[in-house]
2 protein chains.
Amino acid sequence: MVRKPANYSKKAILTLLYEHRNEFLSGQKISELIGCSRTAVWKHIQSLLEEGFLIESVQKKGYRLMQSPDGLNEPAVAAGLKTKRLGRTIRFYESIESTQKEALRLADEGAEDGTVVLTNEQTNGRGRLGHTWQSQRGTNIAMSMILRPSLPIEKTPQLTLLTAVAATDVIEKVTGLTCGIKWPNDILYNGKKLVGILTELQAEATYVKAVVIGIGINVNGDLSDLPESVRQVAGSLELITGKRYALAPFIQEFFECFEALYTTYLHEGFQSIRPLWEQRALNLGNVIKVRKPGGHILEGVARGINNEGVLLLQKSDGTLAQVYSADIEWDK
Amino acid sequence: MVRKPANYSKKAILTLLYEHRNEFLSGQKISELIGCSRTAVWKHIQSLLEEGFLIESVQKKGYRLMQSPDGLNEPAVAAGLKTKRLGRTIRFYESIESTQKEALRLADEGAEDGTVVLTNEQTNGRGRLGHTWQSQRGTNIAMSMILRPSLPIEKTPQLTLLTAVAATDVIEKVTGLTCGIKWPNDILYNGKKLVGILTELQAEATYVKAVVIGIGINVNGDLSDLPESVRQVAGSLELITGKRYALAPFIQEFFECFEALYTTYLHEGFQSIRPLWEQRALNLGNVIKVRKPGGHILEGVARGINNEGVLLLQKSDGTLAQVYSADIEWDK
C-alpha cells in the first residue's frame with residue numbers, strides 16, 4: 001500500500017466538493033472516490049467546517065459546499081482548472097515571505113514547467129528593480145509562475161509584456177473594466193495601479209533554465225492596511241466596481257488566458273503579442289519621461305514597441321531611442 | 001562593546017600568522033593586534049595545532065606558521081590578498097552540496113559584488129547543462145564568484161570566456177603549463193580537462209542582478225577517487241607536473257588575474273578579451289562538431305569568435321553559422 005501524506009484525503013475531499021459545487025455528494029460516494037472510510041470522511045468534513053468552510057449536510061443526500069472562508073486554498077484553484085501545464089502543480093502557502101523568492105528557489109531545485117507558487121499573504125513581497133510589493137492578506141492575488149521556455153535570454157523580457165496583456169484581458173473578462181498598460185507592465189485604471197508584474201530569469205550562459213513571473217493583483221479590499229504612499233498610487237478592483245470577486249476562479253481565468261497567449265507566443269513569436277499589447281498601452285503618441293536604472297532621464301514621445309518588445313521613444317531631434325529597462329513617468 | 005563571533009579571534013590569529021609566514025610573532029604582539037588576552041592567544045594556538053596546523057613556538061620570539069593542513073581555510077585565502085573587491089568577502093564551507101547553488105542563494109539574498117563561496121568538498125557539484133562536477137576532497141579548487149556587473153543580459157556569457165582566459169593564465173603562472181581552451185570554457189592539457197567553468201545568471205527582465213561564475217580546477221591528487229568515466233577525460237596539474245601546489249596562493253593569483261581582466265572588460269568591452277581568448281583557443285581552423293542543447297549536430301570549421309563572444313563555424317557551403325550554446329567535439 002502506498003502511504004499518502006497526512007492531509008491528502010482532506011484536500012481530495014475539498015477538491016471533490018469544489019468540483020461538485022452545485023450538487024450533493026454522499027459520504028458513501030466520497031469515501032469510494034477518495035479511498036478512505038466514511039468515518040474519515042465525516043472527520044475531515046468537521047475539520048473543514050472548523051476552518052471556516054460552510055458545508056451543507058443533508059440526510060440521505062450528503063454534503064454540499066456552500067461557501068469558502070476568505071482567501072485562497074489549493075483545492076479551490078485546482079478544481080476544474082482547464083489548463084494543460086500552467087497551475088497543474090501548485091505550491092500553496094497560507095503565508096510566505098515572497099512567492100517570487102520561493103519560486104526561484106524551487107526553479108533552481110528543478111520544479112517543473114508550469115508550477116505556481118500561491119499564497120494568501122506575502123510578508124515581504126518583491127516588486128520591480130528592488131521595490132517591495134505590499135498587499136493585504138486574503139484579499140488579493142499574489143503568485144509566481146515557473147516557466148521553462150526554449151528561448152534566447154534576450155527574448156525573455158517579452159514574457160513580461162505578454163503577462164500584462166493576460167492580466168488586462170482577465171480583468172476585463174471578470175469585471176468588465178478596461179485597463180491600460182503602462183510600459184512595460186503596470187496595469188492602471190484611472191491612473192491607479194491594480195497589477196504589478198515582475199519577471200526574473202535563471203540562465204546558464206546563453207541557455208534559459210527558468211523564467212519566474214510574479215503577479216500581484218489587487219482584487220478585493222480597500223487598501224486601508226497599506227501605507228498612504230501606496231494608497232495614493234494603487235487601487236483595487238473592489239474599490240472601483242464596489243463588488244467583491246472570488247479569487248480562485250479569477251486565478252483559473254488568468255491561468256487559462258495566460259496559457260493560450262503563451263502557447264501562441266512560443267509558436268509565432270512576439271509579433272503575435274505586440275498588437276495586443278499596443279492596443280492596451282497607455283500614452284502612445286504622448287510625451288513621456290524615461291528614468292533609466294542609473295538615474296539618467298530621457299524624454300520623448302512613446303511610439304510603441306518593436307517586434308522585440310523594446311519601447312521606442314522618439315526624441316526631440318526626431319530620432320528613435322530604444323528603451324530596454326527603465327521606469328517611465330508622464331504628466332497627468 | 002561590540003560582541004565578536006565566537007571564532008573571530010582564532011580566525012584573526014590565523015590570518016596574522018599567514019600574513020607573517022616568514023617571521024615570528026610574539027604572543028604579546030598578537031594579543032595587542034587582535035585585542036584578546038595572551039591566555040586566549042595560547043588557547044587558540046593549541047586549537048589550531050589540534051586542527052593540523054604546524055606552528056613553531058620559540059621562547060622570547062613567539063609563534064611562526066610552518067605548515068597548514070591539507071585543503072583550504074578562509075584566513076589562508078584572505079591573508080595578503082591584493083584584490084579590490086573579488087574575494088574580499090569569502091563564505092567558506094568545509095563541505096557543501098554545491099558552491100554554485102549556495103552562491104545563487106546568497107546572490108538572491110543580496111550578497112555584495114565580489115563575494116566568493118569556497119569549499120574543500122562539494123558533495124553534489126554542478127557542471128554545465130545539468131552535468132555534475134566531481135572532484136576529490138581537499139585537493140582541488142571549487143568556488144563560485146558573485147558578480148554584479150552593469151551589463152545587458154545577452155553579454156553575460158562573455159564572462160565565461162573571460163574566466164577561461166584567467167584560468168589558463170593562472171595555470172601558466174603557477175605551473176608553467178600552457179593549456180588550451182575548448183569553446184566556450186573547458187581548459188585542456190593534452191586532451192585532458194583540468195578546469196570546468198559554469199556561468200549562471202540572475203536577471204530581472206533586462207536588468208542583470210547577478211552573475212555567478214563557478215570554477216572547478218583539478219590541482220592536486222591522482223583522481224583515483226573518481227569514476228573511470230571521469231578519469232578518462234580529466235587530469236590534474238599534479239598528474240602532469242608531478243608537483244603539489246598550495247591551493248590558497250593559487251586562488252589568490254586567480255582572483256588577482258580575474259579582477260584585472262574583468263576591470264579591463266568592463267571599461268573596454270569584449271574586444272579587449274577576444275584576442276586573448278583566441279590565442280589560447282584549441283582547434284581554430286579545424287573541423288569540429290557542435291551538438292546543440294536539442295541534440296542537433298552541426299559540422300564545420302571553427303573560425304574563432306566574434307566581438308560578442310559567439311563561436312563562428314564555417315559550414316561546408318562556406319557560410320558562417322553563429323553558435324551560442326552547445327557542446328563541441330572533434331576527432332583526436
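In the unreviewed UniProt entry, residues 27–46 of chain A are listed as "DNA-binding region". The structure examined here is a predicted model, and in it this stretch of chain A is 85% helix and 0% strand.

Two packed helices are described by the angle between their axes and the distance between the axes. For helix α1 (residues 8–19) of chain A and helix α2 (residues 27–34) of chain A, the axes come within 10 Å and cross at roughly 125°. Angles over 145 degrees would count as roughly antiparallel and those from 65 to 115 as roughly perpendicular; α1(A) and α2(A) are therefore oblique to each other. Their crossing is right-handed. On the α1(A) side, the contact is made by S9(A), A12(A), I13(A) and L16(A), and these meet I30(A), L33(A) and I34(A) of α2(A). Sorted by class, the residues joining α1(A) to α2(A) comprise six nonpolar, one polar and no charged.

Chain B can be described in the same terms. Here helix α1 (residues 8–19) of chain B packs on helix α2 (residues 27–34) of chain B at an angle of about 125°, and the axes are 10 Å apart. The pair α1(B) and α2(B) is therefore oblique as well, with a right-handed crossing. From α1(B), the residues S9(B), A12(B), I13(B) and L16(B) take part in the contact, while α2(B) supplies I30(B), L33(B) and I34(B). Six nonpolar residues and one polar residue make up the contact of α1(B) with α2(B), and no charged residue is included.

How are the two chains related?

Most residues other than glycine have a negative phi. In N283(A), however, phi is positive, near 65°, although the residue is not a glycine. N283(A) sits in the loop between α10 (274–280) and β12 (287–291) of chain A. In chain B, N190(B), also not a glycine, has a positive phi of about 50°. The loop that holds N190(B) runs between β9 (186–189) and β10 (192–204) of chain B.

How values were computed
Residues are numbered from 1 along each chain as its sequence is written. Chains are lettered from A and ligands numbered from 1 in the order in which they are written. This is a predicted model: local features need pLDDT of at least 70, side-chain atom pairs count only at pLDDT 80 or more; totals for chains, interfaces and linings use all residues. Side-chain values use heavy atoms; hydrogens and water are left out. Axes are lines fitted to C-alpha atoms, for helices over the stretch in contact, and angles run from 0 to 180 degrees between N-to-C directions. Helices (H or I, at least four residues) and strands (E, at least two) are DSSP runs, numbered from the N terminus. Angles under 35 degrees count as roughly parallel, over 145 as roughly antiparallel, 65 to 115 as roughly perpendicular and the rest as oblique. A crossing is left-handed if the near helix is turned anticlockwise from the far one by less than a right angle, and right-handed if clockwise. Contact means heavy atoms within 4.5 Å. Ala, Val, Leu, Ile, Met, Phe, Trp, Tyr, Cys and Pro count as nonpolar, Asp, Glu, Lys and Arg as charged, and the others, Gly among them, as polar. UniProt positions are given in the numbering used here, feature names are shortened, and annotations may be inferred rather than shown by experiment.
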